[in-house]
Amino acid sequence: MSAPGKLDRAGLLALREQEKALQGTAAPRIFCCSGTGCHATGSIPLIAALREEAARQGGCVQVIETGCNGFCALGPVVIMQPGGILYCKVRPEDATEVVASAGGAPVERLLYRDPAGKALASMDEIPFFALQRPWTLRNKGRIDPEKIGHAVAHDGYQGLAKALFDMAPEGIIEEMRLSGLRGRGGAGFPTGLKWKFAAASPGDVKYVLCNADEGDPGAFMDRSILESDPHAVLEGMIIAAVAIGAHQGYIYCRSEYPLAIQRLTLAIGQARELGLLGESILGSDFSFDLEIYQGAGAFVCGEETALMRSIEGRRGMPRPRPPFPAQQGLWGRPTVLNNVETLANIGRIIRLGGAHYAGIGTEGSKGTKVFALSGDVNNIGLVEVDMGTPLSTLVNDIGGGVPGKRTCKAVQLGGPSGGSIPAHLLDTPVDYEAIAQVGAIMGSGGVIVMNDRTCMVDMARFFMDFIQDESCGKCTPCREGTRRQLEILTRICEGKGEPGDLRTLEDLAAVITDASLCGLGQTASNPILSALRHFRDEFEAHIVEKRCPAKRCVALLKFEVDESRCRKCGLCHKACPAGAVIWARKQTARIDREKCVRCLACFQACPFDCID
Amino acid sequence: MNQPLSTVYGVISFYSLFSLKPKGRHNIRVCTGTACYVRGVREVLDRVERRFGVKAGGTCEDGRFSLEPVRCLGACGLAPVMVVDRDTHGGVTPDSACEILEGYE
């Protein structure tokens with residue numbers, strides 16, 4: 001028997017049926033995205049306007065605020081049910097029409113339009129959604145993340161109930177092993193094996209940690225999961241705790257994600273209230289509780305040993321392994337540390353069985369993977385595809401290709417630890433091993449598309465600037481080596497490159513990779529090495545010809561108009577903030593170098609690429 | 001806390017969100033993540049620095065703005081992103097960034 005207000009297993013089932021009945025009604029509902037992206041484009045006033053309008057029009061239309069829907073570039077995004085009609089870039093002034101259209105004919109002008117200009121009403125018709133398989137993100141845009149009842153209605157915590165009452169800890173671990181799930185933080189270590197080690201470590205006090213310190217620039221998968229379905233992450237953590245015998249857990253979340261922290265805090269409170277966290281969970285004799293720790297801005301704290309030191313209140317510096325966290329982790333106790341996306345998968349894997357999950361994906365990479373698609377691509381957003389899907393599907397079909405007249409040059413995977421894959425290798429499937437073969441890593445899931453105006457030397461310099469700044473300073477090869485690499489790359493970008501530079505970069509890379517303690521240092525040179533592997537000619541153009549083929553490196557540009565190509569349109573003249581472009585109607589433009597501040601505004605404005 | 005000052009300083013200087021310098025009236029945070037970089041945040045930073053006489057990591061002489069390039073804010077769908085105090089502005093260009101900032105006294 002459970003305490004008053006707390007659920008037992010039967011109570012959880014009853015709540016699910018009750019909530020399902022509430023949500024399963026055929027009454028029209030409006031789901032409005034309220035993730036970080038849509039917040040910034042104005043979803044808060046929009047939701048207020050929609051609610052006001054719904055009340056004014058009789059109150060039979062329900063307005064539900066959801067987490068990130070994934071289609072961030074076209075926010076605020078609204079989904080009308082029934083029908084799955086998608087509206088893009090909705091403004092508060094559209095509220096009257098949107099509410100009136102519920103259950104009827106859609107508002108034509110708010111529909112998504114494909115690149116050919118054709119309006120597509122239903123989400124199922126839009127390639128961005130149709131080609132995805134939402135597994136981890138199954139609840140995105142369908143539930144209110146601030147209401148635990150919504151999560152429960154979609155089978156939330158059913159996996160936990162099964163783990164607690166129908167399975168032994170060894171059985172849970174075996175099920176995880178069967179599923180083939182590998183850590184989604186980047187390294188891809190099998191989750192079941194990690195749990196097995198921690199379960200086997202002796203000790204009464206053990207910890208379960210969630211790594212929500214999503215530091216890779218260009219990655220926002222974990223943020224979106226936390227904002228749209230926080231209970232899935234909590235459920236995963238509790239199941240991990242049951243499996244290894246832990247009673248306390250911590251979520252380490254970066255403070256750059258205030259909305260995620262707010263929703264997590266709320267979710268933990270609700271779970272405690274219903275007896276899903278705390279003493280005797282669901283009336284069993286198992287207890288587990290959770291606390292949130294906020295990061296303070298250090299990339300290296302995403303490394304497991306550094307993260308634990310940071311929770312302990314110290315400088316977040318990695319330490320040598322072994323001992324591995326599974327043996328000696330937080331405060332010297334056996335610890336399991338999993339990433340947000342990994343944890344969000346667990347409840348469903350346990351509920352449906354490991355074999356079900358292993359049925360998706362490739363030989364070595366099972367299940368699905370969430371990617372954050374950004375950069376020079378039309379449909380920026382959050383996508384989830386089966387392992388084994390070619391990158392080209394991700395970029396060209398789901399992503400809708402590169403905007404404007406530009407073409408795709410490369411795709412960057414794995415952030416500062418990863419590499420760039422050139423456009424001609426985009427048929428590479430999303431698979432840990434296949435991606436490693438072309439010189440990148442799967443990483444946590446940031447996919448940054450770069451167009452032909454991206455300079456690969458400049459990108460290598462960008463990543464090295466990041467890495468040398470974030471190196472914790474403990475290992476000399478990483479601390480000093482990355483700084484030397486940055487100096488060399490900066491020199492090359494400034495046109496002061498020397499013939500031996502590439503060799504020195506490679507030599508440094510070899511030493512830093514071999515002699516660094518943690519993943520940050522060991523992978524620090526990957527962006528340089530992959531750029532050298534696929535775009536060596538660009539480096540040589542900078543060093544030998546003192547020329548930047550992509551026209552990005554300011555020091556190597558001449559700021560001259562090529563008269564033979566100039567179409568006399570005057571766009572460069574209009575764009576120049578310094579009044580340095582001299583132009584008159586039907587005249588070729590000319591740049592006054594005395595006045596020019598080298599801001600590149602004219603380069604971006606010129607549709608004919610005629611400024612050198 | 002019963003900790004030596006050196007330990008406290010060690011922790012403060014390690015994390016980028018701790019600062020030992022006073023901030024301006026308005027804090028401009030410009031995202032320098034990969035997506036924002038690819039979409040031209042460098043030009044935005046340059047222009048803001050020039051227009052308002054503030055260096056990245058510093059504060060204007062009149063204390064109006066502090067300019068802080070920050071790590072990825074995870075709002076890559078809006079790249080390039082600039083956050084002024086608590087307001088997030090997406091898809092900024094050098095021109096629009098300066099225009100937005102004129103609204104903050």
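Me: How many residues of helix 7 of chain A are buried?

Reply: This is a predicted model, so keep that in mind throughout. A residue counts as buried if 20 or more other C-beta atoms lie within 10 Å of its own. In helix 7 (residues 158–165) of chain A, 7 of the 8 residues are buried. They are A:Gln158, A:Gly159, A:Leu160, A:Ala161, A:Lys162, A:Ala163 and A:Leu164.

Me: What covers the buried residues of helix 7 of chain A?

Reply: The cover includes four helices of chain A: helix 1 (9–23), helix 8 (169–179), helix 11 (230–244) and helix 14 (340–352).

Me: Why is helix 14 of chain A described as largely enclosed?

Reply: Count its buried residues. Helix 14 of chain A has 11 of 13 residues buried, so the rest of the structure largely encloses it. Among them are A:Glu341, A:Arg348 and A:Ile350.

Me: Where does helix 14 of chain A bend?

Reply: Look at A:Ile346. The helix bends there by about 30°. A:Ile346 is also one of the buried residues. Just after the helix, A:Gly353 has a positive phi of about 95°.

Me: Which residue other than glycine has a positive phi near 70°?

Reply: That is A:Tyr157. Find it in the loop between helix 6 (148–153) and helix 7 of chain A.

Me: Is A:Tyr157 buried or exposed?

Reply: Count neighbours again. A:Tyr157 has 29 C-beta neighbours inside 10 Å, so it counts as buried. Now try A:Lys551, with a positive phi near 55°. A:Lys551 sits in the loop between helix 22 (526–543) and helix 23 (571–575) of chain A. It has 17 other C-beta atoms within 10 Å and is therefore partly exposed.

Me: How do I read a pair of packed helices?

Reply: Two packed helices are described by the angle between their axes and the distance between the axes. Take helix 10 (residues 221–228) and helix 12 (residues 258–273) of chain A. Their angle is about 35°, and their axes are 8 Å apart. The crossing is left-handed.

Me: Which residues make the contact between helix 10 and helix 12 of chain A?

Reply: Helix 10 of chain A gives A:Arg223, A:Leu226 and A:Glu227. Helix 12 of chain A gives A:Leu259, A:Ala260, A:Arg263 and A:Leu264. By class, that contact has 4 nonpolar, no polar and 3 charged residues.

Me: How many residues of domain 2 of chain A are in contact with domain 3 of chain A?

Reply: Count each side. Here 14 residues of domain 2 of chain A meet 16 residues of domain 3 of chain A. The domain 2 side has 4 nonpolar, 5 polar and 5 charged residues. The centres of the two domains are separated by 27 Å.

Me: How many residues of chain B are in contact with chain A?

Reply: 28 residues of chain B are in contact with 37 residues of chain A. Helix 2 of chain B gives the largest share of the chain B side, 4 residues. By class, that side has 15 nonpolar, 8 polar and 5 charged residues.

Technical notes: Residues are numbered from 1 along each chain as its sequence is written. Chains are lettered from A and ligands numbered from 1 in the order in which they are written. This is a predicted model: local features need pLDDT of at least 70, side-chain atom pairs count only at pLDDT 80 or more; totals for chains, interfaces and linings use all residues. A residue is buried if 20 or more other C-beta atoms lie within 10 Å of its own, exposed if 12 or fewer, and partly exposed in between; C-beta atoms are placed from the backbone. Helices (H or I, at least four residues) and strands (E, at least two) are DSSP runs, numbered from the N terminus. Two residues are in contact if their C-beta atoms, placed from the backbone, lie within 7 Å. The bend at a residue is the angle between axes fitted to the seven residues ending there and the seven starting there. Domain bounds come from an automatic or database domain assignment. Ala, Val, Leu, Ile, Met, Phe, Trp, Tyr, Cys and Pro count as nonpolar, Asp, Glu, Lys and Arg as charged, and the others, Gly among them, as polar. Axes are lines fitted to C-alpha atoms, for helices over the stretch in contact, and angles run from 0 to 180 degrees between N-to-C directions. A crossing is left-handed if the near helix is turned anticlockwise from the far one by less than a right angle, and right-handed if clockwise.
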